[in-house]
Amino acid sequence: MARHATLLIPLFEAFSWFDEGLQTLLREAGWTAVTRPQTMVLIAIGQGIERAVDIARAIGVTRQSVGVTIAEMAAEGLLEMVDDPNDRRAKRVHLSDKGERRREDSRRAMAELTAELERRIGKASVTKLGEALQKDWGPPVAR
């Protein structure tokens, strides 16, 4: 019998492997830990998503939950809120200078983790995994 009867479990384990490795390498670089919701917010911002409502939609949580996470990160000096030039009622979320430094350290850590994964399972496997995950899967299944 296969170790996993579903693809969801190894996908989650792979995400956790990267997230835990990233947290370890960032701690070693002198950064405090961030929570998984904070990691997801940072990923969304890194993809160019700037409004809290859009971040919430992208990561699949409520606007209120993202608001709390953004407020925590702003208090830590990682994020800053700026006026949205297209909507006077809205704010945009940007990385602060400190957040930009953390992003650079995160990029270096991810490159190190990817290189380690290539050593462990082979460069070809990592390339194929990346290609498979980046294919257009279409919209989620709905009945």
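How accessible is R107: buried, partly exposed or exposed? At 47% relative accessibility, R107 counts as partly exposed (buried is under 20% relative accessible area, exposed over 50%, partly exposed in between, with a 1.4 Å probe and protein chains only). Keep in mind that this is a predicted model, where local features need pLDDT of at least 70, side-chain atom pairs count only at pLDDT 80 or more, and totals for chains, interfaces and linings use all residues. Residues are numbered from 1 along each chain as its sequence is written, and side-chain values use heavy atoms, with hydrogens and water left out.

**Confidence**
- Mean pLDDT (the predictor's confidence in each residue, from 0 to 100) is 92 for the chain, and 97% of its residues reach 70 or more.
- Helix α2 (residues 36–46) has the lowest mean pLDDT among the elements, at 90, while helix α6 (residues 123–134) has the highest, at 96. Helices (H or I, at least four residues) and strands (E, at least two) are DSSP runs, numbered from the N terminus.

**Salt bridges**
- The count comes to 13 salt bridges (a side-chain nitrogen of Lys or Arg within 4 Å of a carboxyl oxygen of Asp or Glu).
- R51 pairs with D84, with the closest N and O atoms 3.9 Å apart. R51 sits in the loop between α2 and α3 and D84 in strand β1 (residues 79–84), so this bridge ties together parts that are 33 residues apart in sequence.
- R51 is partly exposed at 27% relative accessibility, whereas D84 is buried at 5%.
- R107 bridges to E104 at 2.8 Å between the closest N and O atoms; both lie in helix α5, 3 residues apart, about one turn of the helix.
- R108 and D105 also make a salt bridge, at 2.3 Å, and both are in helix α5, 3 residues apart. R108 is exposed at 52%, but D105 is buried at 19%.
- Bridges with shared partners join E50, R51, D84 and R92 into one network.

**Inside helix α5**
- R102, found in helix α5 (residues 97–121), is buried yet has no salt bridge; E76, the nearest side chain of opposite charge, is 6.2 Å away (Lys and Arg count as positive, Asp and Glu as negative; His and the chain ends are not counted).
- Setting aside neighbours within four places in sequence, R102 has contacts (heavy atoms within 4.5 Å) that include Q23, W31 and L78.
- D105 touches L26, A29 and W31, again not counting residues up to four places away.
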